[in-house]
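Hi,

Here is the structure I said I would pass on to you.

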Amino acid sequence: MSATRLRETITECLADVQSDSVDAQRKALQTLASLTKVSPQNRSLLARTDGVVSTLLTLTKISSSIIRILALSILFNLSLNPDLKWNLADMETIHHLNSIILSTSSPEINRLVCSLICSLAMLDKNKAKFGVAGTVQLLVGAISGPRCPASHHLLSSLAELVQFHGNCTVAVRSGAVQVLIGIVESTDGEDLAGTSLAVLGHLARFSEGLNALIRTDQIVSSMLNVLRGRSMLSKEGAAEILLRLFDESEGCVRDAFRLPEFSSVLADISVRGSSKAREKANQLLKKMVDANLDPYTDGNSLFLPWYQ
């Protein structure tokens, strides 16, 4: 399609989306969604059209689910262009996205909203905007409720946002560590557990998150349970968290020595795990070998001499 024809098509579609006919709106939005799905140039051209973002946002507020879904899909497509992320993430838009998460029961709409938040937050300068707008507390509250089809998307959005220090602080103060540990310890699904461990790993990069993990009752035992029976991705996440705990807390190292299976589970992962899991398991074993905690250990130290 030529540039001239593309502009004409966009103009026609934008006229149709403002009509009173839901069918006309649907067809126009489907065309715009198709145009912006794979072409960065088409996204830029649409985004430069006056009033297009505000029009799409207005359409996300109407009663028709299909119109809301299509409007959100187009906004998500636009957000894939790095140069569009900053302007799309204005505070009015962010507050509106928050309100959709709070008010809608549609899994598809929630998935799209979370995907849009995650995409916009990939621009580091936008992460603070979401923190100021209360999105972090909102996401923590949402994942603390019953599991839903959008749970993974909620967790993924939180994982992106907490990579900013200020958002990590907000998440910890909102009880994120306890909520995430609860998901890890549940049997609702490996996918959720793995993503929750990834979020915990991001939180552990900052002192607030790491200290909250250290204060968590039986945290080493909880991570051992992951190492013993979860997916390899989850094992990698648990091992990363344990490395940070061991670096910061002698008490966590001592707790590991007191768990009879800890060293043998690590030894098994160091041989049969993924490349990343093997590397982290070996690092953990080395830390246990190097730890000068003999007065506090029990028979579990017998597992370690082979590693020296």
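Residues with an atom within 4 Å of a point count as lining. Grid points are joined across faces, edges and corners, and a volume is the space filled by probe spheres set on the points.

Before the results, a word on the source: this is a predicted model, where local features need pLDDT of at least 70 and side-chain atom pairs count only at pLDDT 80 or more, though totals for chains, interfaces and linings use all residues. Residues are numbered from 1 along each chain as its sequence is written, and side-chain values use heavy atoms, with hydrogens and water left out.

So, how many cavities of 30 Å³ or more does the whole structure hold? The search turns up 1. The largest cavity contains about 40 Å³ of space, and its lining is made by Val53, Leu75, Leu88, Thr93, Leu116 and Leu120.

The largest pocket holds about 270 Å³. Its lining has 16 residues, and Leu197, Ala198, Gly201, Gly237 and Lys276 are the ones nearest the centre. Two helices, H14 (190-203) and H17, each give two or more residues to that lining, and H14 gives the most, with 7 residues. Helices here are DSSP runs (H or I, at least four residues), numbered from the N terminus.

The structure has 1 aromatic pair, made by Phe246 and Phe262, which are tilted at 35° between the planes and 6.1 Å centre to centre. For the cut-offs, rings of Phe, Tyr and Trp (its six-membered ring) pair if their centres lie within 6.5 Å; planes under 30 degrees apart are stacked, over 60 edge-to-face, and the rest tilted. This pair links distant parts of the chain, 16 residues apart: Phe246 is in helix H17 (residues 232-248) and Phe262 in helix H19 (residues 262-272).

Trp86 has two lysines to look at. The charged end of Lys125 sits over its ring, 5.1 Å from the centre, and Lys129 lies over the face of Trp86 at 3.4 Å from the ring centre. "Over a ring" means NZ of Lys or CZ of Arg is within 6 Å of the ring centre and within 35 degrees of the ring normal.

Is Lys280 buried or exposed? Lys280 is buried, at 11% relative accessible area. It lies in helix H20 (residues 275-290) and, beyond residues up to four places away in sequence, touches Glu236, Ala239, Glu240 and Leu243 (contact means heavy atoms within 4.5 Å).

Gln25, in helix H2 (residues 22-38), is buried too, at 9%. Leaving out neighbours within four places, its contacts are Asp16, Val17, Ser19, Leu59, Ile62 and Ile67.

Finally, the cysteines: there are 0 disulfides, a disulfide being a pair of cysteine sulfur atoms within 2.5 Å. For Cys252, the nearest cysteine sulfur is that of Cys168, 17 Å away. Cys252 is buried at 3%, and Cys13 is buried at 6%.

Cheers

Terms used:
Buried < 20%, exposed > 50% of the residue type's maximum accessible area, 1.4 Å probe, protein only. 1 Å grid on protein atoms, 1.4 Å probe; cavity = no way out; pocket = protein on both sides within 12 Å on 5 of 7 lines; lining within 4 Å.
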